[in-house]
Amino acid sequence: MTITIDKVRIILVGDSGVGKTCLTHLIASGESLSRPGWTVGCSIEVKLHEYKEGTPQQKPFFIELFDVGGSLNHKNSRGVFYASADGIILVHDLTNRKSHSNLREWLFEILSKEGKDIYKPVTSTVAQRSDEQNNFDPEEFIGAAQMPVLVMGTKLDLVDEKRQPKTVQKAGGIAEQCGAEEIWLNCDDPRSIAAGTTDAVKLSRFFDRVIEKKLQSRDNGFYGGGSVTDRRRYNTAGATPYNINNY
Ligand SMILES: Nc1nc2c(ncn2[C@@H]2O[C@H](COP(=O)(O)OP(=O)(O)OP(=O)(O)O)[C@@H](O)[C@H]2O)c(=O)[nH]1
Ligand SMILES: [Mg+2]
């Protein structure tokens, strides 16, 4: 017997080396990844998620995780992966404060790419653009885009509170500015987001929000991305529903 399962798309962005590929793999498979290579372009993993688990509305959804390579070399070409995103996971390295402050720029980059008419810069010179970027207000964006955001800090195992007390702080960070939930974890430890943990619940709630938002846009007739109607067949006999793709 085959059933049809809807999908949503979540993009993971953040500086190169923060751990997006390890995190994506951990979320999708529940396992840690020992030696990831740099991501060129984007790689995709898929997770089967139970929307509103334990309620009468429970329903399976595919969560497509678009792990976008963070290298500066691909800054101009990666906009294509942002199209029809339904949610964003902003990833930073807890031992690298700059990777956290750069998340504003990542949000700006997503919004200013073609295909997203939520926040279109009107200027074109480098100086004007940099000005626009500095004045960019994440809260305003989140309000306009209505796109669920989750902030995830990696390498918690490497944080030495005594030596780096100022590096790790939740208050006033990008999560607070966006009104987003935040998870800190060690991607090398599969128990970090194991079922039943607080962070697994947070993650599951985020997936539910992304799905809910998408269903709402579809009901309101705002949806134009095509992925809810682009359904996939899933063989309930137990075959792997999806492979990792490199785009
Ligand atoms: N100790 C520790 N190492 C981590 C953690 N997460 C990732 N790493 C390591 O950080 C390095 C970079 O991880 P990646 O997942 O490749 O980083 P990325 O963000 O995908 O990088 P790009 O593909 O270049 O954008 C690897 O050596 C990982 O093993 C963590 O939570 N703890
Ligand atoms: Mg990677």
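# Close-up views of a predicted model

View 1. Over residues 114–122, pLDDT stays under 50. For this stretch the model has 17 contacts beyond four places in sequence. This is a predicted model. The mean pLDDT of the protein is 81. Of its residues, 71% reach 70 or more. Confidence is lowest in strand S8 (residues 245–246), at a mean of 41. Helix H1 has the highest confidence, at 98.

**View 2. The shell around ligand 1.** Ligand 1 is surrounded by 20 residues. The closest are Ser 16, Gly 19, Thr 21, Thr 39 and Gly 70. Which element gives the largest share of this shell? Helix H1 (residues 20–29) does, with three residues. By type, the shell around ligand 1 holds six nonpolar, 10 polar and four charged residues.

**View 3. Strand S5, enclosed on both faces.** Strand S5 spans residues 149–154, and six of its six residues are buried. The strand is therefore largely enclosed by the rest of the structure. In a regular strand the side chains alternate between the two faces of the sheet. In S5, one side carries Val 149, Val 151 and Gly 153.

**View 4. The partners of S5.** S5 pairs with S4 in the parallel sense, over six bridges. In this pairing, Val 91 stands opposite Met 152 in S5. S5 also runs parallel to strand S6 (residues 181–184), joined to it by four bridges. Here Gly 153 stands opposite Trp 184 in S6.

**View 5. The buried face of helix H3.** Helix H3 covers residues 103–112. Which of its residues are buried? They are Leu 103, Trp 106, Leu 107, Ile 110 and Leu 111. Seen down the axis of H3, these buried residues fall within an arc of 130 degrees, so they line one face of the helix. An α-helix has 3.6 residues a turn, so residues three or four places apart point the same way.

**View 6. Two lysines with positive phi.** Most residues other than glycine have a negative phi. Lys 52 has a positive value, near 45 degrees. Lys 52 is found in the loop between strand S2 (42–51) and S3. Phi of Lys 155 is positive too, near 65 degrees. The loop that holds Lys 155 lies between S5 and helix H6 (174–178). Is each lysine buried or partly exposed? Lys 52 has 13 other C-beta atoms within 10 Å, so Lys 52 is partly exposed. Lys 155 has 21 within 10 Å, so Lys 155 is buried. The cut-off for buried is 20 or more.

**View 7. Ser 84 and Val 8.** Ser 84 is found in the loop between strand S3 (59–68) and strand S4 (87–93). Ser 84 counts as partly exposed because it has 17 C-beta neighbours inside 10 Å. In sequence, Ser 84 and Val 8 are 76 residues apart. In space, the two are 9.2 Å apart, C-alpha to C-alpha.

How values were computed: Residues numbered from 1 in each chain as written. Chains lettered and ligands numbered in written order. Predicted model: local features only at pLDDT ≥ 70, side-chain atom pairs only at ≥ 80, totals over all residues. Near = placed C-beta within 6 Å. Nonpolar A, V, L, I, M, F, W, Y, C, P; charged D, E, K, R; others polar. Buried ≥ 20, exposed ≤ 12 C-beta atoms within 10 Å, placed from the backbone. Arc of directions from axis to C-beta. Pairing = 2+ DSSP bridges. pLDDT = per-residue confidence, 0-100. Contact = placed C-beta atoms within 7 Å.
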